[in-house]
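These are my notebook entries on a single protein chain. I set out to look up its aromatic contacts, its pockets and several individual residues.

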Amino acid sequence: MGDGKRFAVLLCAEDSDYVKKRYGGYYGVFVEMLAEEGEAWEVFKVANGEFPDDDEIANFDGFVITGSCNDAHGNDVWICKLIALLKKLDSLNKKVLGICFGHQILSRALGGKTGRAISGWDIGVTAIHLSSSTSTLFSSLNIPTTLSVIECHQDEVRELPPEAEVIAWSEKTGVEMFRYGDHMMGIQGHPEYTKDILIHLIDRLMQLSFIEDSYADELKANLGKVEPDKNAWKKLCTSFLKGRL
């Protein structure tokens, strides 16, 4: 099914001990959601300065940019280098899927603006609404126009790149998804996450005093109420990345 295609995960976060032990790191989480038989998947730990060489880039059919604890509006050396790489991938018309921080940094690389979310943290399972224009884009997938997705972010895309299009929004976030041409797409939520990963992240945020204990307890109490639409997200993400839309 994979036809020998090659994909790369651009890892923008340090793996926690929990995710390493349970999933083989965030790379393993993405491979579990996106990989199909016959494909080759590789990881570049860009947050540690590990990038594909220029002559390697052409060998990949698509790239996935992960979430991160860093701010997409920051100017760390690796972030600036990642922006340069994304501009190059755009010029080569490579398929790129950005998730959470990946969504924000992709927008920034293409000329958009990111920053702290006006409505504050968005943590939990959020309902996002696909715009009317996406009904044609995703018509072959037979997915609902409202999808639940796990979210965990305090930043957002403030301003879209020129020529980019909003393809989903939520009550808290105006740009939940965008696309740029037919080769680049950003998703603010975490379609790859499971609830246990989110619970682990909530505990970490609480321990680091990023969120209050009472808010963490409230978030965990609400987690049983709605399930994320993981199968629909898997279908959407794989279909985009592999050019089947």
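The entries below record what I looked up, topic by topic, in this predicted model.

**Entry 1. Aromatic pairs**

I recorded Phe44, Phe60 and Phe63 as one aromatic cluster. Phe44 and Phe60 are both buried, and Phe63 is buried as well.

**Entry 2. Charges over rings**

I next asked which charged end sits over the ring of Phe60. It is that of Arg6, placed 4.3 Å from the ring centre. I noted a further case at Phe240, where Lys95 lies over the face of the ring at 4.6 Å from its centre.

**Entry 3. The largest pocket**

I looked up the largest pocket and recorded a volume of about 530 Å³. Its lining consists of 27 residues; those nearest the centre are Ser68, Cys69, Trp121, Cys152 and Leu205. I then traced the lining to its elements: α2 (26-34), α5 (101-109), β7 (146-153) and α7 (195-207) each contribute at least two residues. The largest share is that of α7, with three residues.

**Entry 4. Helix α5**

As α5 contributes to that lining, I checked how its residues are placed. Eight of its nine residues are buried, so I describe α5 as largely enclosed by the rest of the structure. I listed the buried residues as Phe101, Gly102, His103, Gln104, Ile105, Leu106, Ser107 and Ala109. After α5 comes Gly111, for which I noted a positive phi, near 115°.

**Entry 5. Ser131**

I located Ser131 in the loop between β6 (122-130) and α6 (134-137). Is Ser131 buried or exposed? Its relative accessible area is 17%, and I therefore recorded Ser131 as buried, the cut-off being under 20%. The side chain of Ser131 reaches the backbone oxygen of Val166 at 3.5 Å. Leaving out residues up to four places away in sequence, I found Ser131 touching Val166, Ile167 and Ala168.

**Entry 6. Lys242**

I found Lys242 in the segment that follows α9 (230-241). I asked why Lys242 counts as buried. The reason is its relative accessibility of 7%, which falls under the 20% limit. With residues up to four places away in sequence set aside, Lys242 touches Lys5, Phe7, Leu34, Ala35, Glu36, Glu39 and Trp41.

**Entry 7. Gly74**

Last, I looked up Gly74, which is found in the loop between β3 and α4 (77-91). With a relative accessible area of 16%, Gly74 is buried. Apart from its neighbours within four places in sequence, Gly74 is in contact with Ile79 and Arg108. I also checked Gly74 against Asn142, 68 residues apart along the chain, and noted that their C-alpha atoms are separated by 38 Å.

Definitions and conventions
Residues are numbered from 1 along each chain as its sequence is written. This is a predicted model: local features need pLDDT of at least 70, side-chain atom pairs count only at pLDDT 80 or more; totals for chains, interfaces and linings use all residues. Side-chain values use heavy atoms; hydrogens and water are left out. Helices (H or I, at least four residues) and strands (E, at least two) are DSSP runs, numbered from the N terminus. Buried means under 20% relative accessible area, exposed over 50%, partly exposed in between (1.4 Å probe, protein chains only). A polar contact is a pair of N or O atoms within 3.5 Å; within protein, one must be able to donate a hydrogen and the other to accept it, and residues adjacent in sequence count only if both atoms are side-chain atoms. Contact means heavy atoms within 4.5 Å. Rings of Phe, Tyr and Trp (its six-membered ring) pair if their centres lie within 6.5 Å; planes under 30 degrees apart count as stacked, over 60 as edge-to-face and the rest as tilted. A charge sits over a ring if NZ of Lys or CZ of Arg is within 6 Å of the ring centre and within 35 degrees of the ring normal. On a 1 Å grid over the protein atoms alone, a cavity is a set of points where a 1.4 Å probe fits but cannot get out, and a pocket is an open set with protein on both sides within 12 Å along at least five of seven lines; lining residues have an atom within 4 Å of a point. Grid points are joined across faces, edges and corners, and a volume is the space filled by probe spheres set on the points.
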